[in-house]
Amino acid sequence: MSIAVRVPVMTAERIETPTWQSLRRFAADRFSMVAAIVVLAFVLMAVLAPWLAPHDPYETDLLRRLQAPAWMEGGEWSYLLGCDALGRDILSRIIYGSQVSITIGLAVVLIATVIGTVLGLAAGYMRGWVDIGISRLVDILLGFPYLIFAIALMAMMGPGLQNIILALVYKEWVVPARVVRGEVLAAREMEYVEAARAVGAPRLHIMFREILPNILSPVIVVSTIRMAHVIILEASLSFLGIGVQPPTASWGSMVADGRAFILDAWWVCTFPGIAILFLVLSINVASQGLRDAFDPKFSD
Amino acid sequence: MNETQSPLLDVRNLEKVYHLNSGLLQRIARQPALNLRAVDKVSFSVNAGETLGLIGESGCGKSTLARTVLRLHEPTSGSITFDGRDITKLPHREMTALRRRMQIIFQDPYASLNPRKSVEEIVGLPLSLHRIAQRSEIRDRVVAMLESVGLKSSHLGRFPHQFSGGQRQRIGIARALILNPSFVVCDEPVSALDVSVQAQIIALLGSLKRELGLTYLFISHDIGVIGHVSDRIAVMYLGDIVEIGPARELLRAPQHPYTRALLSAVPQIDAGPKRERVKLSGDLPSPLAPPPGCKFHTRCPFAVERCRQETPALRKVAGQGMVACHLEQA
Amino acid sequence: MHSTRSSVTEMSTPLLSIRGLKTCFPTRAGLVTAVDGVDLDVYPGECLGIVGESGSGKSVTFASVIGLVRSPGYVADGSMQFDGIDLRGLNADGWRTLRGRDIAMTMQDALTALNPALTVAEQIEEVLLAHATDLPRRGRRDAARARAIEMLRLVGIPAPDKRIDDYPHQFSGGMRQRIMIAIALSCRPKLLIADEPTTALDVTIQAQVLDLISDLRRELGMSVVLITHDLGIVAEHTDRVAVMYAGQIVEAGVTRELIDRPRHPYTRGLIGLIPRLSDLDAPIKPIEGQVPELIGLGGTCRFYDRCDFRASRCRTDIPMEAAGLDHQVRCVRVEESLQ
Amino acid sequence: MKPLALVGRIAQLVPVLLGVSVIVFVMMALTPGDPVEIMLADQQATPQQVQAMRHDMGLDRPALERFGVFLGNALTGNFGLSFFHRRPVAEVIAERLPATVELTLAALLLAIAISVPLGVVAAVKKNKLVDRLAALGSLFGISLPGFWFGIILIILFAVHLKLLPVSGRMEFACEVPAITTLVTIDSLLRGRPDCFANALSHLILPALTLALPMAAVLTRVQRAAMLEVLRSDYIVFAQAKGISRRRVLWRHALKNALVPTVTVAAIETGSLLGGNMVVETVFGWPGLGRLVVESIFVRNYPLVQAAVLFYAVTYVLLNFIADVLYTMLNPRVRL
Amino acid sequence: SELRVGFTLDALTLDPANHRKRETETIIRNIYDGLLTRDAKMKVVSELAESWTQVDPLTYDFKIRKGVTFHDGSAMTADDIVFTFERLTKDGAMGGQTSPRKDLVGPVKAISKVDDQTVRFTLSEPWPILPAMLPVQEVVSKAFTEKVGSQGLATQTNGTGPFKLVEWRKGDSIILQRYDGYYGGATDIPPVGKACVDRAIFKIIPENASRVAALLAGEVDIINELPPYDMKKVEASANTKVMKVNGTRTFFVALNNTKKPFDDVRVRKAANMAVNKALIIEKVLLGTAEPLNGVMSPDAFGYNPNLPAYPFDPEGAKKLLTEAGYPNGVDVTLDTEGAFKEMVEAVAAMLTKANIRAKVNVVEGSTLRAKWLPTSEKTGDMYFTSWGNGSLDPADIFVPTLRTGDRGNSAFYSNKEVDALLDAANVELDQTKRADLYKKAQVIVNKDAPWMFLWLPQDIYGVSKRVSGWEPSADSRINLHDACVK
Ligand SMILES: Nc1ncnc2c1ncn2[C@@H]1O[C@H](COP(=O)(O)OP(=O)(O)OP(=O)(O)O)[C@@H](O)[C@H]1O
Ligand SMILES: Nc1ncnc2c1ncn2[C@@H]1O[C@H](COP(=O)(O)OP(=O)(O)OP(=O)(O)O)[C@@H](O)[C@H]1O
Ligand SMILES: [Mg+2]
Ligand SMILES: [Mg+2]
């Protein structure tokens, strides 16, 4: 890098990119920051599960079957949130369970967003048969109730983490695709797109370099909201008994398993339920903050 | 203006039709496609070094004409000849190369700059696309261009939202001019700006034209602005050019009733004797269903039966201008 | 504040009298003082023009008058008297009876100012039903409808009885503008605030609408405040004019006098940069620089940065000074700059 | 123009339905497991019996042929026999549909009843306490996992407080011959207020479980739309006319601000119709969703195919209804 | 008076011949009676038949009871019985469909009316369990069936049972009313007479917790499939009690006898020794199951009570593994359906501790069944499953699950000796000899350990103390004829 920078450019100005500004606005929003930190904490919890969990989440001990949380009669402080029907530590299982929820949430949304964005861009910008084809496919998939589609796919592919991710991605990409297409339809009429064409920019340049950066923030916002949905969807699948394989703990399957003991061992299904609620809530709050920060026209 | 010299741009019978509601399913379910003839067989030419002003009411097809001439929208029929070369059907690749010579400045300085790109990227983009300059050179050329439109090199890393409207328009001008074009379309370059800033931009465009020997197609709906920048003026009404002629002549003695109404309706700041107001009644007809015959007949105070039936063609009248009107001397 | 009067306004008391109006908007960037110390009088029957660049505070001034400053904005200071009523002391009910009946307003963009979901009939009738005391008890609605049709006819909508049940989008831009004027005038207000009634319109239509307002003003004997940024319109349609710049009135006076003999450097610049059809060779002289941000201003002439005549003493708060018969200017170097 | 619009929608339906059928069929064909094996699993069957049943159900024919037969029959409204019920699929679906429709409608009404006023008030009182509470409430609402929340509701209202029944649709003591097949309405029509109260008490918890997340979404949509509308010029202009505040809000503003709510409500209703099997499971609600999921598990292909087609039709229909509502709310929109 | 049963599943149909589902049968059986029935102790007794005789190995005669009427008042005749069984056994006899219950009447070749009071069953081969299998078939009216058609029978009923149908709210409840013209039911099961309650209602509550809650709240009087965990609560309540009965379903883990590591008997034995059945039964099933060392229920015909038990001995298991050449243990997958997840996880955890590291693989039943079909690729390691034996006869469980290549032989077990014994027993008419043959076979199987022998769970019911005269029965039928409520 020997090219001398001949024109001094003030760094303070450089970083005032629109994205940077939005991030700063986000950081200034205390409520959302707290939520984002909670989300991060959950992610850390998932990553550090082996070090955080007080017990082996798979270690069964039938003698501790349905042991109550620590503060209740029959509870024990080393099993803070009590034990499940096989005497496994609920806290440890929740900590490990976060791996499933977060992996699935992230993976599904990432893959779906990439696919959806590319297809949405193509449909919105190229129009014509590409658009008709993609839009019809979107219509067809939208006509399927989400859970039923996922359940049928799971029945087809069999259980397992990758298959859950696939089963959810199959329909999930529709959401970013629609958002992107809508945004592209608006953006392609903008004069800056015309300006790029006027100076001779090729199609791909316009799609990916001119339009994409401008529609990215709604996409990011929608993706985070969808992540919250996906986590609940995974939990619902697990609840219906077609989620991850045991003994892997998923919050949804923990609630489902615990449901049998609801009448008095309420802790078995209540705590994982609360875990879902909190993670999803934090993601939602954070995504609302993102939305406010990235798209001030939404800020109410 | 030397009449013998061949024009830089020559447009013949240019037509642009937008098909609304033409989706497959709309066609099944709804009425036949709506055809909007935004530009209706328009012919004119622009000589090298001159400014042709184009004026007309909102929606009459000025922008469409501008974009079609540059083939940003594909023309429906007619021909466009640029510098002696028919570009109507030029293949994409060659058209791209030709874009170096014909550029456009847009109306809305807010919408025409990509908000996610820095000034350097925006102004430098044409250079890198056309592989005109080395990477290292690009910055120098961008800086030079910025300076000639009145911006500073310290603005390079800034983003559009950090500029005022007038400054943004300067960026747009810099982008259009960095490829050294010979022909520039200015599509209402000042109408989104404040009066005091409008004057700055008009002055800038004027001095750039002189320095770089540019040819302008200058669009505005402000006849005061058009009058000041143009050598010749064309007046559009609902997709037609109804009158075209040297600026002074046209402003002093407008021939077409519409031009006269237009001129008389412009509020004047000067006390002096007023032009007699040609009062129009009624509203602009919908471009989807333009009236038959002379499109202006629904509002024309002088319309006669013939106007309702026969479409007048542009023809020479006294002086150098041309008028599309059946009335001999309205 | 001493105001000298022109012949137009002689002997009458002002219908609307504004003193020291200050209106602020808290924003992320800081407190925007959109209107800062505006004094104005509107006399019965006159047409007062307000000109100024975009953002100079024209709309906000009169939004303050009608009590509709958009949140989070608020009137911070000043007094406003309308026809003997202290506007700043009004409660919600007071406003409701005043608006639409005594003070009416039209807005810049008729397409967005008419409710797209309601018929024109409903939008006119509701004003009449809210205010008109002379409608018969029985058949109030029918009477209101009849009067609504009459109003539409007055503003020149053809076949008003057929078109009254249409929705706004079914009318053209000029017709919508006229419908809005019909709504504003339906209770024969004493004051009409016409906020840029023609900026969205084409010149030929603009001329029709402005003529209409002038005609109706004479017919109904009301006062009109005509907000615009087009000095041409001011010249042709107003009796007096106030020029606003960055939240302040920098010059005010009888229209002809002010245009022919502008005193403030800004006004002179403004007039100088208007391209005139009558003299195509007259060069357009731009005012360099930009309008200042309205945050944390004060203590200085607001035109200072762009002024060719600035001097060190301009860096103080400049009051309005009389500069002739019914002509005031906010400039300390009027005399020098005129030379 | 309107009948034409309907024709357009129906034309639009054709490729969608065809696509949906193909996808379901392919999915089912690729899914391992044999309905006959499952059907006969309970009382273990002999291979001959299995063979006979496969033949009976046409499962021994090639997939493509089966698809052709299915399409041909579907065109005439015949979806074949449900493998397990050994009765016509249409009949089996029709039996379960009313419960689902009733629950969905109840949830929709409840959600609208909560969200529209709340959204309006929150917008009017922007950044005040009500608004903050509504925002917090709706964040919780969309974050609630339905299956878990349903269970919590049961613990609370049915087990501990004993206020409401745990599951089911209506007390059996209530015999209300069907008119509309929606038991709440039927019991009213038949003059049985006691049964109405009973049906309602069964409906409340599942409807609430479904309605809260929906209400949360709708509240946000309604509030955002209302805020946008309140900022618009025509609201300022309406205020400038001196008409009452009530009129400004509920007539001028709400009519416009309902448009996005209607769209979202239509989408949400669609997903409710097809997505409440979780809640149906928790509350023992005899609805279609559960039946379809069970049918997937037992490879009851005819039923799954028919149900999914039904869902697709409803989806398009709901969107059509939303469009019609638009034109009523906003005359600018033309069908 | 009204009796309400909180029941797990709705009937699929009300046509007695057109389903293959226990729950459906349970409901139908209260509307329709059969030729024979079983008492709570699973003894086969006559119901619509007065008596029966085995004429020869291939011929049975049934004497029909007189004075039995269908719910529509018409008399039941021998023709109805012939019609019923022809409908079951003839291909396409049900409006083109063939009854899915056809093979439940085995090799019945023909049914004929001998006289007005006698019907004769002719078999194509000896089938000693015919009487044991007849209680699961119910008699329909010929006239009625011809009138409403086979389709009509799915939702309309005309039985001879103690209750007639009032309304079927699909997915929600089935409402029955006492049939006052009832002939009284099986004479061997007192009391004889009309049903005790006016109304009986099956309310469908699939969710376990909800069903228990409904019982505790007094919304229902009897619930089936009471989860063991909730027994305590039901017992603790002043108004409810728990009733249990030995079931007929044997639980086991099929080991793939054809593939490493379970092709080695030592490994199979090690697996049997690795699991603490007693602890699982005590803690998870709360004592509601009987540990098994072989295939059959202790209540079944030919049960061998003297089979040795594999002791719980993880160390011994490891040693056996080492002997078999797996000193570091083995890694295997344990397939199961979702419903058994909890138990399987407990089993897997124990196996893992004994170096048989079992990964649980929860798959849908249908997929699993295909995977473990004797004709399949035989790729699995272990399969936690069960086999029901409603007839309590080894012919119905031992043969299909352990005879070489038979339809339920998911362990792919093959032992010539066992096959020979089973084949011999199948045609042996002397019941004591037959029992002996089975007992011998059980000893061999126990030694070969093709499965991990697990347990036989009890059926657990929660019952309101209002209910009297009702007892659960091992075939999981809920016979409401004798039940009364206070
Ligand atoms: N992409 C398009 N598709 C369909 N119709 C179009 C399109 N662009 C323009 N039109 C229509 O063509 C007509 C001419 O539009 P155009 O933008 O050229 O007018 P204009 O004279 O530039 O108006 P303005 O002064 O408002 O910019 C209008 O009726 C417009 O609605
Ligand atoms: N809601 C608001 N929030 C913040 N600032 C506002 C708001 N409304 C107006 N302002 C500020 O008040 C100043 C005056 O605005 P106003 O609308 O009165 O200008 P104007 O003279 O009417 O301009 P125009 O000619 O564009 O209508 C502007 O600088 C604007 O930034
Ligand atoms: Mg234009
Ligand atoms: Mg304004």
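How many residue pairs are in polar contact across the interface of chain E and chain D? In this predicted model, where local features need pLDDT of at least 70, side-chain atom pairs count only at pLDDT 80 or more, and totals for chains, interfaces and linings use all residues, side-chain values use heavy atoms, with hydrogens and water left out. Residues are numbered from 1 along each chain as its sequence is written, and chains are lettered from A and ligands numbered from 1 in the order in which they are written. The rule finds 4 residue pairs in polar contact between chain E and chain D, both residues being at pLDDT 80 or more; such a contact is a pair of N or O atoms within 3.5 Å, where within protein one must be able to donate a hydrogen and the other to accept it, and residues adjacent in sequence count only if both atoms are side-chain atoms.

Among the 8 pairs of chains that touch, chains D and E have the most contacts, a contact being heavy atoms within 4.5 Å. Chain E contributes 50 residues and chain D 47 residues. The two chains bury about 4,000 Å² between them, 48% of it on carbon and sulfur atoms; buried area is the accessible area (1.4 Å probe) that two parts lose on being put together, summed over both. On the side of chain E, the residues that lose the most area to chain D are L12(E), R20(E) and R407(E), together 15% of what that side buries.

The count of salt bridges between these chains is 1, with a salt bridge defined as a side-chain nitrogen of Lys or Arg within 4 Å of a carboxyl oxygen of Asp or Glu. The side chains of K170(E) and E95(D) form a salt bridge, at 3.5 Å from N to O. Elements that each supply at least two residues of the side of chain E that touches chain D include β1 (2–7), α1 (22–28), β8 (163–169) and α5 of chain E. The largest share, 4 residues, comes from β8(E). Helices (H or I, at least four residues) and strands (E, at least two) are DSSP runs, numbered from the N terminus.

Chain E has 14 helices and 20 strands, and its C-alpha trace spans about 75 × 55 × 40 Å along its principal axes. Buried residues make up 64% of its 486 residues, where buried means under 20% relative accessible area, exposed over 50%, and partly exposed in between (1.4 Å probe, protein chains only). Helix α5 (residues 208–216) of chain E is largely enclosed by the rest of the structure, because 7 of its 9 residues are buried. Among these buried residues are R211(E), V212(E) and L215(E). G218(E), which follows α5(E), has a positive phi near 80 degrees.

Backbone exceptions were also recorded. Most residues other than glycine have a negative phi, and most peptide bonds are trans. A cis peptide bond joins P190(E) and P191(E), with omega about -5 degrees; P191(E) is in the loop between β9 and β10 of chain E. Another cis bond joins S71(C) and P72(C), with omega about 10 degrees. N13(B), in strand β1 (residues 9–20) of chain B, has a positive phi near 50 degrees and counts as partly exposed at 43% relative accessibility. A246(C) has a positive phi of about 50 degrees and counts as buried at 0% relative accessibility.
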